[in-house]
Amino acid sequence: RVQFSSTDPSVKVDQVVVYVAWAKGMKRSPEVPPHQMAQKDRKFVPSQLVIQQHDRVSFPNLDNEPHSVFTRDRMVNIEASTKANPEAVAFRTEGTFRIQCDIHSKMRAHIVVVPSRELATMVKSDGTWQIDHVPEGLRTLKVIEPNGATTTLTVTVCASDTPVDVSLEGNAAPTLKRKNGSLFEYQ
């Protein structure tokens, strides 16, 4: 169970992700076609994705108006367009990435990048979670929320269920900035 609290009212416990950190001998999930985070009705759909390192994500614009897609670190930098199928972007770094539109401040989403999709899960609204088929032995679990707060704990995994309780204090809401560095009004 995850006990979660945050000063950012927009982040809820069901946006928290729990995953097994990479360890020698673990296998990566097979490569998949690009994931999709569409731009529809001035929203990113879905609003959160959990993907494996090196997976690709496309951001098709399904609206009849221009949108842009970017991350602060410029890993994603798709200029404003009405283009339906822009090229997919590969996410190579583990962690959480805030996706924004430079035109519409309410268009925000998150992508959480983990070492293995099969060894990751989103927490349910009651704080419970379960990851099946974790290799036995000493494992490192990471718990991460959309604003980047992370906690790490070491767990001994055995053949039967291994209950784990963890607490996570979320980070404050970030100051939203446009690509040029000017401030967005936080909505």
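Which residues does D55 touch, not counting residues up to four places away in sequence? The legends below take this up. The model is predicted: local features need pLDDT of at least 70, side-chain atom pairs count only at pLDDT 80 or more, and totals for chains, interfaces and linings use all residues. Residues are numbered from 1 along each chain as its sequence is written, and side-chain values use heavy atoms, with hydrogens and water left out.

**View 1. Surroundings of D55.** D55 sits in the loop between β6 (48-52) and β7 (56-58). Strands are DSSP runs (E, at least two residues), numbered from the N terminus. D55 touches V32, H35, V89, A90, F91 and R117; contact means heavy atoms within 4.5 Å. D55 counts as buried because its relative accessibility is 5% (buried: under 20% relative accessible area, 1.4 Å probe, protein chains only).

**View 2. D55 and R117.** The two side chains make a polar contact at 2.6 Å. Such a contact is a pair of N or O atoms within 3.5 Å; within protein, one must be able to donate a hydrogen and the other to accept it, and residues adjacent in sequence count only if both atoms are side-chain atoms.

**View 3. A four-stranded open sheet.** The order is β13-β2-β14-β15, with antiparallel pairing. β13 (120-122) and β15 (150-157) are the edge strands, each pairing on one side only. Two strands pair if DSSP finds at least two bridges between them.

**View 4. Strands β2 and β14.** β2 (residues 17-20) and β14 (residues 137-144) pair in the antiparallel sense over four bridges. V18 has V143 as its bridge partner in β14.

Definitions and conventions:
Buried < 20%, exposed > 50% of the residue type's maximum accessible area, 1.4 Å probe, protein only.
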